[in-house]
Amino acid sequence: MSEDSQPGSEDEFRDMLRQFLSGDSEIDPSKLVGAAGLPNDPAFMARLMSQLQSAVNRSGDGIDWSLATEQATGIGTQSAVETAPGQVSALEQAFHVAALWLDEVVSVSELTATPKLLTRAEWSRASMPVWSQLAEPVADSIAASLTRVLSEQAPEEMQGMLAGASQVMRSVGGALFAMQLGQVVGQLSTEVVSGGDVGIPLLDDGQAALVPQNVSAFGEGLDVDASQVQLYLAVRELAHARLFRHARWLRLHLITSIREFSQGITIDTSRLEELAADFDPQNPEQLQEAMRSGALIPPKTDEQLAALARLETTLALIEGWVDVVTAKATERLPKATAIAEMVRRRRAAGGPAEQAFATLVGLELRPRRLREAAAMWQAVSDQTSGEVRDSLWAHPDIVPTTADIDDPTALIARLTGGEPELDDVDRAIEDLLNDDTSERPREAGDGTADEPEH
């Protein structure tokens, strides 16, 4: 039996990890936690060390995402403020009115599930299954890369121990990643106002929801009555949820596309090796900077850039459609324009949690071409009808493309059965072709009227 396959090597590695997690080593776990961007308070440290010790003893493949859920819901609970009964009643009424207003401007199906009002912790718990789906490919890549680098760079006397301990390292690495994801989602729960606020369908199919505490925070600083803010945000949320219920294919398509993009993410092992070689346990800030800046993720491949462009187009189409139908449905609201502008500013600025998610998964949640996509949907609405506009979501093959966003003229012509209006260049080319056709010599037997009959 070779040294690399000694039966005691994995147990030896477990003992080394237990020693580290108990604080009985040269490396201070609290500094590593800070470098990873996680809270460095005593209560969190105790919980994290307990979770990592459980991961050391855990067997089986996969990541225990319950750690992320626990972390996220804990953040939401800590900052929770009880919703007054009057606000609950007002938001429920806002959903009712919003549904009536949307019925007047869209042809997509109504929801079968009653809209919900969620606390921050409930939003985290309800959305975590989707977050974990999106993050899992990156977590697997990080765990595999870390295992490979540690195995390759470890001293010869540790090779045998590490060879039998890859599963242990994957479990511990997965636990750390899950805790980071929980931190990001927990922070997001303090910012989002609804289930569809980030553009991705995070809740169950056909489910709409508002987070009352964050709706109140959204309205602070706006010179707008709270009832108008509630109604506007209810319309947006219902529009988003209705779209995904109407376009049954869209939810799976979007989540699958994001996962495929994430699966292409790799870790720059050379950069990781440099960090490992130069790492100072007493000064982990370099690790923190590498993780926050995304320096460990190499530049995107051509395939990833193409996938990212398709994703951004889809997200822009979704958000643009929601913007257009919300604007139409809320024309009765005196302050609708001011609220819409706040939504745009908030979306453009993003927040710390979104930036953290972009670092973790390598994907920005906000589409870059939103304004152009909204302008296209508005043009289609003006030139055709809401029913024709909404029918474009019926199948992925007929959804508008990037070219349609760039210039909706041809799309509108197809929808109306007319010809797109020619610009000066197109008209000159057409005239030239027509002239060439009229001056072309007739050939014998071309079927023209001048040919003698036989």
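Let me begin with a term: a crossing of two helices is called left-handed if the near helix is turned anticlockwise from the far one by less than a right angle, and right-handed if clockwise. Please also bear in mind that this is a predicted model.

With that term in hand, consider helix H11, residues 248-263, and helix H14, residues 302-329. H11 passes H14 in a left-handed crossing. Which residues make the contact? On the side of H11 they are Leu250, His253, Leu254, Ser257, Ile258 and Phe261, and H14 contributes Gln304, Leu308, Leu311, Thr314, Leu315 and Ile318. Sorted by class, eight of these residues are nonpolar and four are polar, while none is charged.

The geometry of this pair can be stated in two values. The angle of packing is about 150°, and the axes lie 10 Å apart. Because angles over 145 degrees count as roughly antiparallel, H11 and H14 are described as roughly antiparallel to each other.

I now turn to the chain as a whole. The protein chain contains 21 helices and two strands. Of its 454 residues, 44% are buried. Its accessible surface comes to about 22,700 Å², and carbon and sulfur atoms account for 50% of that area. Among contacts with a separation of 6 or more, 82% are between residues 24 or more positions apart.

Two individual residues deserve attention. Ala178 is located in helix H8, residues 166-188. Is Ala178 buried or exposed? Its relative accessible area is 0%, so it is buried. Beyond its neighbours within four places in sequence, Ala178 is in contact with Ile63, Asp64, Trp65, Leu67 and Ala68. Ala68 is 110 residues away along the chain, yet the C-alpha atoms of Ala178 and Ala68 are separated by 4.8 Å.

Asp404 belongs to helix H19, residues 402-406. Asp404 is also buried, with a relative accessible area of 7%. Not counting residues up to four places away in sequence, Asp404 touches Met376, Leu411 and Arg414. Between Met376 and Asp404, which are 28 residues apart along the chain, the C-alpha separation is 7.5 Å.

Finally, I come to helix H9, residues 212-219. Six of its eight residues are buried, so H9 is largely enclosed by the rest of the structure. The buried residues are Pro212, Gln213, Asn214, Val215, Phe218 and Gly219. After H9 comes Gly221, which has a positive phi near 90°.

Thank you for your attention.

Note on methods: Residues numbered from 1 in each chain as written. Predicted model: local features only at pLDDT ≥ 70, side-chain atom pairs only at ≥ 80, totals over all residues. Heavy atoms only, no water. Helix = DSSP H or I, 4+ residues; strand = E, 2+ residues; numbered from the N terminus. Buried < 20%, exposed > 50% of the residue type's maximum accessible area, 1.4 Å probe, protein only. Contact = heavy atoms within 4.5 Å. Areas by Shrake-Rupley, 256 points an atom, 1.4 Å probe, with all protein chains shown as cover. Axes fitted to C-alpha atoms, helices over the stretch in contact; angles between N-to-C directions. Parallel < 35°, antiparallel > 145°, perpendicular 65-115°, else oblique. Nonpolar A, V, L, I, M, F, W, Y, C, P; charged D, E, K, R; others polar.
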